Amino acid sequence: MRIEDLSQAEHTLWEAFTRGEAVDLSSGNPAFDEPAQSDRWGSDRVVRAEVLVALLVGAQEPEPGQVAAVRLTGARIVGSLNLGHADVTVPLALTGCSFDEAPHLYWARLHSVHIMRCRLPGLVASGARIDGHLWLEGSHISGGLWLDGAHITGILNLSAAHLSNPGGDALLADRLNVDANVYCDTGFTADGEVRLPGATVGGQLIFRGAKLRNPSGAALYASRLQVAANVFCDGGFTAQGEIRLRGARVGGYLSLVGAVLSHPQRTALNADDLAVDTDVYCSDGFNATGTVSFSGAHVGGQLSFQGARLANPSTLEQQSVALSLQRLQAEELLLRPSEQIDGIVELAYAKIGLLRDDPATWPARMQLDGLSYESLDQPLTARQRLDWLHRDTDGYQPQPYERLAQFYRSIGLDAEGRSVLLAKQRDRRAIQNPPRKLWGLLQDMTVGYGYRPFRAAMWLITLLAIGTVVFQVHQPARLDTGQNPHFNAFLFTMDLLLPIGSLGQEGLFAPKGVYLWIADLLVAAGFILGLTVAAGATRVLSRD
């Protein structure tokens, strides 16, 4: 490049480069200097991209004792800033500039790159390696920011950046590797999909206050993302479209405090198979319209929905899931939203240390089969917890009853545990065939399936009293056995009721007429009572 071909602005930059000095072409009027107004800027603020490329790849040597750098403010950059596969050893800092064409940094090796408060029709840095920071704070990038396969040894700063590519990829960062923090906060917006699948972040990932919009698909696609520290999607974070964290790994905690997610009748948050070393906070104003799913997730501490709002209303065609926690493993689940959950809650086969819930916010329908927990807070009464079990969409399933009864026994509430197991048998009877229903009804009426043993005694006393009165008033005829026994109505009735053994009365006296029918009924009642007592006792002993 010939020096004499440079414009005044370009010549100033050329000379300043050798000393690493900044060149400011702005007018001093903040409104006029906005990159959106670059069409109104004069030719004195135009810098050709090829001049920048020449300086960055070594066309000019630094002055002795100085660190060369391109530092330019308020320029309109025309042409293609193409550094593909280049090895750039000097810093690049552009502030408040406007690009006519998208810069290309693919597979380049660069030192720190600062492109701040600039306007770009795209930025392609696929496979680039940046030894230092990539600073895009406050820039407006349309047409897509491509960082797929890039490696940044410092910070990626997208604070207050605006990415726009509706219906496409606003940020394409598949397999991106950032050794330090990633900032997409303080006014960061994205219209289009933000993609971070397979990305690795060595520090924190911060979307605090970010606004993502891609209502037809994924607003944030971050499957298999790995973050060494914390992830913040809070502080006014909003998303229209799916937040996809499936299979992601977080070394600290995940905060969605106060986040507002919207993807009606579809998945608002997909955190299936997510692994978080400490806590997950979907709390304190967290609001999700659509399904929130943590199926198969592993949470080392607490998963909190304290003060959240979860809604995915059912339609005429289908019952919709508001919260899916199937196969979740967590030390603690805090399921106390601010209002009743609108939609199905799936807890099937989840393993939870401590489940904290609130009857006032239980959804109308749940899935509880296979749910395992060590403790419940609040324990509530068996009657209240049975209402919880009866909300199961799958109807009668034995495991939830057995686990609840086991919990009551573990805290010394044996009577509550027996009530749960009795309810289990009654609910099971409702789905059996008629003969089994009849037999179950007899067991229920007589001994409460073995969980109400005093009921058998009451039946025995009642029948014994009736028989004693009847046969005392109407003594049966004495049989001709050569003996002259004394008749005792109480012992005679007892002899009829006992299915085994004899008290020496039944074989010596014979009722006639209607009293013979009464005697036969007492024999039959004693036989049935004996069988049900044996069946109930066997069931209780087998469980204990």
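Strand β7 (residues 109–116) is joined to strand β10 (residues 129–135) by five bridges, and the two strands run parallel; here helices (H or I, at least four residues) and strands (E, at least two) are DSSP runs numbered from the N terminus, and two strands are taken to pair if DSSP finds at least two bridges between them. Within this pairing, histidine 114 stands opposite tryptophan 135 in β10. Strand β7 also pairs in the parallel sense with strand β5 (residues 92–95), over four bridges, and in that case leucine 92 has valine 113 of β7 as its bridge partner.

The model is a predicted one, in which local features need pLDDT of at least 70 and side-chain atom pairs count only at pLDDT 80 or more, while totals for chains, interfaces and linings use all residues. Residues are numbered from 1 along each chain as its sequence is written, and side-chain values use heavy atoms, with hydrogens and water left out.

A further parallel arrangement involves strand β33 (residues 321–324), which pairs with strand β30 (residues 287–293) over two bridges; serine 293 is placed opposite serine 324 in β33. Strand β33 is in turn joined by three bridges to strand β35 (residues 344–346), again in the parallel sense, with valine 345 in β35 as the bridge partner of leucine 323.

The count of salt bridges, each defined as a side-chain nitrogen of Lys or Arg within 4 Å of a carboxyl oxygen of Asp or Glu, comes to 21. In one of them the side chains of glutamate 10 and arginine 48 meet at 3.0 Å, N to O. This pair links distant parts of the chain, since glutamate 10 belongs to helix α1 (residues 8–17) and arginine 48 to strand β2 (residues 46–48), 38 residues apart. Glutamate 10 is buried, with a relative accessible area of 3%, whereas arginine 48 is partly exposed at 24%; buried means under 20% relative accessible area, exposed over 50%, and partly exposed in between, for a 1.4 Å probe and protein chains only.

Arginine 336 forms a salt bridge with aspartate 377, the closest N and O atoms being 3.6 Å apart. This pair, too, links distant parts of the chain, with arginine 336 in the loop between β34 (329–335) and β35 and aspartate 377 in strand β38 (residues 372–377), 41 residues apart. Aspartate 377 counts as partly exposed, at 23% relative accessibility, and a network of salt bridges links Glu332, Arg336, Arg356 and Asp377. In another salt bridge, the side chains of aspartate 387 and arginine 391 meet at 3.0 Å, N to O; aspartate 387 is partly exposed at 36% relative accessibility, while arginine 391 is buried at 18%.

Polar contacts, defined as pairs of N or O atoms within 3.5 Å in which, within protein, one atom must be able to donate a hydrogen and the other to accept it, and for which residues adjacent in sequence count only if both atoms are side-chain atoms, were examined for two buried residues. Asparagine 230, in the loop between β22 (226–227) and β23 (231–232), is buried at 14% relative accessibility. The side chain of asparagine 230 makes a polar contact of 3.1 Å with the side chain of glutamine 204, and a polar atom of the asparagine 230 side chain lies 2.9 Å from the backbone nitrogen of tyrosine 253. Glutamate 193, in strand β18 (residues 189–195), is buried at 13% relative accessibility, and a polar contact of 3.0 Å joins its side chain to that of arginine 195.

Grid points are joined across faces, edges and corners, and a volume is the space filled by probe spheres set on the points. The lining of the largest cavity includes Leu335, Ile341, Asp357, Thr361 and Trp388, and its residues divide into eight nonpolar, one polar and one charged, where Ala, Val, Leu, Ile, Met, Phe, Trp, Tyr, Cys and Pro count as nonpolar, Asp, Glu, Lys and Arg as charged, and the others, Gly among them, as polar. The largest pocket holds about 220 Å³ of space and is lined by 14 residues, of which Asp33, Glu34, Pro35, Gly96 and Arg117 lie nearest its centre. The lining of the largest pocket divides into three nonpolar, seven polar and four charged residues.

How values were computed. 1 Å grid on protein atoms, 1.4 Å probe; cavity = no way out; pocket = protein on both sides within 12 Å on 5 of 7 lines; lining within 4 Å.
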